[in-house]
Structures are given as C-alpha cells and as structure tokens.
Amino acid sequence: MSYSDSGNAWRNDGAAQPHAYDPYQHPELFRGVATRRVFAFLIDMVVISVPVILGYIFIALFGVVTLGIGWALFWLAWPASVIWAIVYYGACIGGPSSATVGMRIMDLELRTWYGAPGYFVLGATHAVLFWVTVSFLTPFIVLIGLFNGRRRLLHDFVLGTVVINNSVRAPVAQTARTW
C-alpha cells in the first residue's frame, strides 16, 4: 500500500531497506575493524581520562588552599566524569567525521545500518549502551563481534549502527532520519 501527496510519501509495502554496507560485496570496509576498535577505545579512554584526572588534581589542590573546604567538590567529580564521557561521545560521533578521536586515529567511522552518519543522540546512546552491556555481559559483547560479517557488537545491533573503515568507504546518498 502506497500513498503519495505532492512529494510527501509513506510506504507500507513490506519491503525492508537493505543494509548500506554489505560485508560480502565490500569486505574491505570491515577488514581489521574489530582490532582497530579495541585500540580506538583505548585512545578514547586516554582522551576522556586526562580532563578527569586534571579535575581531580584541581579539586585536591583547591582543598589544600581552602583548608579542606574545597574537598567538598569531590562529590561532583564522579557525575561530572560521566557527563563528560557522554558529551564527548555524542559530540564526536555527531560531528562531521562520525567518529571519536580514537576512531579517527584508527581510521574508523560509525554509520547507521542504512548508511547515514552519526548524530549527537546516537553517539551518546551508543556510549551509554556500551558501558551498560560491558558491565553485565563483558565477554559476550566481544564474542558477538567475532561471529558476524560486519563485526558489530551487541550495542551496535541494538542501535542499528555499524563501524567501518573510513578510508575505503563509498559514499551513500542518504541522510539521517530526523524523527
């Protein structure tokens, strides 16, 4: 069943949109992705940790200068660290490169299953879902990536994302959904 009204169209003909990146037609998009994701993650942890460590050092020194009163700010450090990590992932994946700093260094890019670039909410949700799944299912999220052609992890399946090699990516002419 289809309806078209001067350019506004909706479809319900049962046809599913195919994946934009097929590992059998373009294996070069997924070659080495799993290993490079590990190194990208480690680089991102360093990038996230440096401001957090500097914040803790500042609070410690501020507490010394204020004779212990400034140490009350330590209760803000943990929530601020979590917010910083979520904003970092959201801003980086929502940026023009659709990749965090670590992913850019390792020449990786996050895309939706239909080929659109990442956006802020997707990046933030990707980070939160990653940490939740790692907390409860640590070995299983990595094992899932070893047994599928796109090297997708558990949170990639849930969010409908795929990580590809950026240097060999063929452009896909679709934009992200806005709804």
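Student: Where is L67 placed?
Tutor: L67 belongs to the loop that joins α1 and α2. Helices are DSSP runs of H or I with at least four residues, strands are E runs of at least two, and both are numbered from the N terminus. This is a predicted model, in which local features need pLDDT of at least 70, side-chain atom pairs count only at pLDDT 80 or more, and totals for chains, interfaces and linings use all residues. Residues are numbered from 1 along each chain as its sequence is written, and side-chain values use heavy atoms, with hydrogens and water left out.

Student: What makes the backbone of L67 worth a remark?
Tutor: Its phi is positive, at about 55 degrees, although L67 is not a glycine. Most residues other than glycine have a negative phi. R151 also has a positive phi, near 55 degrees, and is likewise a residue other than glycine. R151 lies in the loop between α4 and α5, and its relative accessibility of 30% makes it partly exposed.

Student: How do you know how α1 and α2 are oriented to each other?
Tutor: Their axes come within 10 Å and cross at roughly 150 degrees. The axes are lines fitted to C-alpha atoms, for helices over the stretch in contact, and the angles run from 0 to 180 degrees between N-to-C directions. Angles under 35 degrees count as roughly parallel, over 145 as roughly antiparallel, 65 to 115 as roughly perpendicular and the rest as oblique. α1 and α2 are therefore roughly antiparallel.

Student: What is the handedness of the crossing of α1 and α2?
Tutor: That crossing is right-handed, and α2 passes α4 in a right-handed crossing as well. A crossing is left-handed if the near helix is turned anticlockwise from the far one by less than a right angle, and right-handed if clockwise.

Student: What makes the contact of D156 and R37 a salt bridge?
Tutor: The N to O distance between their side chains is 2.6 Å. The term requires a side-chain nitrogen of Lys or Arg within 4 Å of a carboxyl oxygen of Asp or Glu, so the pair qualifies. The bridge links distant parts of the chain, with D156 in helix α5 (residues 154–159) and R37 in helix α1 (residues 33–65), 119 residues apart.

Student: How do you know whether D156 is buried or exposed?
Tutor: D156 has a relative accessible area of 0%, and is therefore buried. R37, at 16%, is buried too.

Student: How many salt bridges does the structure hold?
Tutor: There are two. E109 and R111 meet in a salt bridge with an N to O distance of 2.8 Å, and both residues are buried.

Student: Why is V132 classed as it is?
Tutor: V132 has a relative accessibility of 39%, so it counts as partly exposed. V132 is found in helix α4 (residues 120–146). T133 is also found in helix α4, but at 9% relative accessibility T133 counts as buried.

Student: Which residues form the nonpolar patch on the surface?
Tutor: The patch consists of V128, V132, F136, L137, F140, V142, L143, L146 and F147, with about 910 Å² of accessible area together. Accessible areas come from the Shrake-Rupley method with a 1.4 Å probe, and for residues only the protein chains shown count as cover. Patch members have over 30% relative accessible area and no salt bridge; like charges are joined within 9 Å, and nonpolar side chains (Val, Leu, Ile, Met, Phe, Trp, Tyr) within 5 Å.

How values were computed: Buried means under 20% relative accessible area, exposed over 50%, partly exposed in between (1.4 Å probe, protein chains only).
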